[in-house]
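Visitor: Can you walk me through this one? I'd like to start with the core.

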Amino acid sequence: MRSRQMETLQGAISRKDEIPRNCCYIIDDAPFFQIIFNLNGEYDFVELQLDLDRTLIMQFLKLGTGDLEKLKSACIRSNMPIPTEMKMCYDVKTEKYNAQYKYEEVCSEKTGKNAGEVFTNWIKELEG
């Protein structure tokens with residue numbers, strides 16, 4: 001059952017006519033990972049856009065979080081600064097990829113923002 005659901009997830013992600021843009025990633029001290037889709041003209045989080053088993057969605061998000069941990073480790077090993085926010089967008093229709101990185105604090109007591117607020121602001125930006 002799980003592999004069939006994963007195929008459904010992969011199929012939904014690859015349908016060019018339904019997903020013109022997806023965005024992901026935020027780091028800070030603890031990594032968070034989220035994908036924002038535009039399906040049928042609405043931007044929202046992956047778990048709200050795709051009718052799939054919640055366990056599968058959580059596994060998908062954990063994979064992304066694991067990738068962020070690997071990126072953080074690679075930055076440390078290479079003595080490179082660790083991004084605090086990475087917005088990566090792929091426009092399926094134009095086949096163009098865009099990435100924006102920040103290195104200042106994004107989610108912290110100092111900024112007064114949590115990851116949920118940042119992701120919600122990303123949706124507002126995309127809708128804007």
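Visitor: Which residues make up the largest nonpolar core?
Guide: In this predicted model, that core has 12 residues: Phe33, Ile35, Phe37, Leu39, Leu52, Leu56, Ile57, Phe60, Leu61, Leu68, Met86 and Met88. A nonpolar core here is a set of buried Ala, Val, Leu, Ile, Met, Phe, Trp, Tyr and Cys residues joined through side-chain atoms within 4.5 Å. Buried means under 20% relative accessible area, exposed over 50%, and partly exposed in between, with a 1.4 Å probe and protein chains only.

Visitor: Which elements each supply at least two residues of this core?
Guide: Strand 2 (32–39), helix 3 and strand 4 (85–91) do. Helix 3 gives the largest share, 5 residues. Helices (H or I, at least four residues) and strands (E, at least two) are DSSP runs, numbered from the N terminus.

Visitor: What lies apart from that core?
Guide: Another core, of 11 residues, including Ile36, Tyr43, Trp122 and Leu126.

Visitor: Back to helix 3. How far does it reach from its first C-alpha to its last?
Guide: Helix 3 covers residues 54–77, 24 residues, and reaches 35 Å, close to the 34 Å expected at 1.5 Å a residue. The expected span is 1.5 Å times one less than the number of residues. Its buried residues are Leu56, Ile57, Phe60, Leu61, Gly64, Leu68 and Cys75. After helix 3 comes Asn79, with a positive phi near 55 degrees.

Visitor: And strand 4: is Lys87 buried or exposed?
Guide: Lys87, which lies in strand 4, is buried, at 12% relative accessible area.

Visitor: What does its side chain make a polar contact with?
Guide: The side chain of Glu125, at 2.8 Å. A polar contact is a pair of N or O atoms within 3.5 Å; within protein, one must be able to donate a hydrogen and the other to accept it, and residues adjacent in sequence count only if both atoms are side-chain atoms.

Visitor: How many disulfides does the structure hold?
Guide: It holds 0, taking a disulfide as a pair of cysteine sulfur atoms within 2.5 Å. Cys89 is buried at 15% relative accessible area, and Cys107 is buried at 13%.

Visitor: What pattern does the protein follow along the sequence?
Guide: The order is α-β-β-β-α-α-β-β-α, with 4 helices and 5 strands. Of the 128 residues, 40% count as buried.

Notes
Residues numbered from 1 in each chain as written. Predicted model: local features only at pLDDT ≥ 70, side-chain atom pairs only at ≥ 80, totals over all residues. Heavy atoms only, no water.
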